[in-house]
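Subject: Structure handover

Hello,

Here is the structure you will be working with. Please open it before reading the notes below it.

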Amino acid sequence: VAGSGGRNDRGARGSGNDWGFSERRVPPPVDSSGELLAVLDRMVHLCQELDVAGLGLPEAINLLTSMKRAARFLDGARLSTIGHIDELHAIQQAQFDQLPEGNGKRLPLPGSERTLGDVLTVSGQQSKAQTGREISQARAATTFPLFRAAMKKGMSRSYLEVLTSVVGKDL
């Protein structure tokens, strides 16, 4: 019910009046990457400070449910970002290859890591096998835009795992 403060309060209004329109409209897109970076830094701190042993059963279940939901959305955003970096780097590599100094040389990424695989392996502290799976899933999400849209809406990455196992090395 609108105005009740319930979890569906914002969605229940749905008139678009939140932005001053008399009819239902979508607000203009916002570049939220900076805000997300700040929230992620705060989340890391909160996770480090969390005292799970002090929670009762209902609180622990509520926390776990919220964490799993957030993880699905983070998976979608992470895979979308990986795919975007992969696409941008491929474009830069193609442009570099057209230059005389390109001559088949691999163009490194900006920063301390030379490849997308290195970024994922080092920042994620994960195996190269896991990095390969993430890159394949990101490419699947890029190749199949409906999957990317579904991931943005919170679809489990498990569906992309199935897709990449069927499509395989073609990505």
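The model is predicted: local features need pLDDT of at least 70 and side-chain atom pairs count only at pLDDT 80 or more, while totals for chains, interfaces and linings use all residues. Residues are numbered from 1 along each chain as its sequence is written, and side-chain values use heavy atoms, with hydrogens and water left out.

The whole chain

The protein chain has seven helices and zero strands. Helices (H or I, at least four residues) and strands (E, at least two) are DSSP runs, numbered from the N terminus. Of the 171 residues, 20% are buried; buried means under 20% relative accessible area and exposed over 50%, with partly exposed in between (1.4 Å probe, protein chains only). The accessible surface is about 12,700 Å², and 58% of it belongs to carbon and sulfur atoms. Those areas come from the Shrake-Rupley method with a 1.4 Å probe, and for residues only the protein chains shown count as cover. Among the contacts with a separation of 6 or more, 39% are between residues 24 or more positions apart. Contact means heavy atoms within 4.5 Å.

Helix α5

The 16 residues of α5 should span 22 Å at 1.5 Å a residue, and its end C-alpha atoms are 22 Å apart, which agrees. The expected span is 1.5 Å times one less than the number of residues. Buried residues in α5 include Q130, I135, A138 and A141. What covers the buried residues of α5 includes α3 (57–97), α4, α6 (145–152) and α7.

The axes of α3 and α5 come within 8 Å and cross at roughly 85 degrees. That makes α3 roughly perpendicular to α5. The residues of this contact divide into four nonpolar, three polar and five charged. On the α3 side they are R78, L79, I82, G83, D86 and E87, and on the α5 side E134, I135, Q137, A138, R139 and T142.

The axes of α5 and α7 (residues 158–167) come within 9 Å and cross at roughly 90 degrees, so these two helices are also roughly perpendicular. Here S136, Q137, A140 and A141 of α5 meet L160, E161, L163 and T164 of α7. This contact divides into four nonpolar, three polar and one charged.

Axes are lines fitted to C-alpha atoms, for helices over the stretch in contact, and angles run from 0 to 180 degrees between N-to-C directions. Angles under 35 degrees count as roughly parallel, over 145 as roughly antiparallel, 65 to 115 as roughly perpendicular and the rest as oblique. Ala, Val, Leu, Ile, Met, Phe, Trp, Tyr, Cys and Pro count as nonpolar, Asp, Glu, Lys and Arg as charged, and the others, Gly among them, as polar.

Q137 is in α5 and is buried at 4% relative accessibility. Leaving aside neighbours within four places in sequence, Q137 is in contact with L79, R157, L160, E161 and T164. Q137 and R157 are 20 residues apart in sequence, and their C-alpha atoms are 8.2 Å apart in space.

E134, also in α5, is buried at 5%. Not counting residues up to four places away in sequence, E134 touches R78, L79, I82, L120, Q126 and R157.

Q125 lies in the loop between α4 (116–124) and α5 (128–143) and is exposed, at 74% relative accessible area. Most residues other than glycine have a negative phi. Q125 has a positive phi of about 45 degrees although it is not a glycine.

Regards
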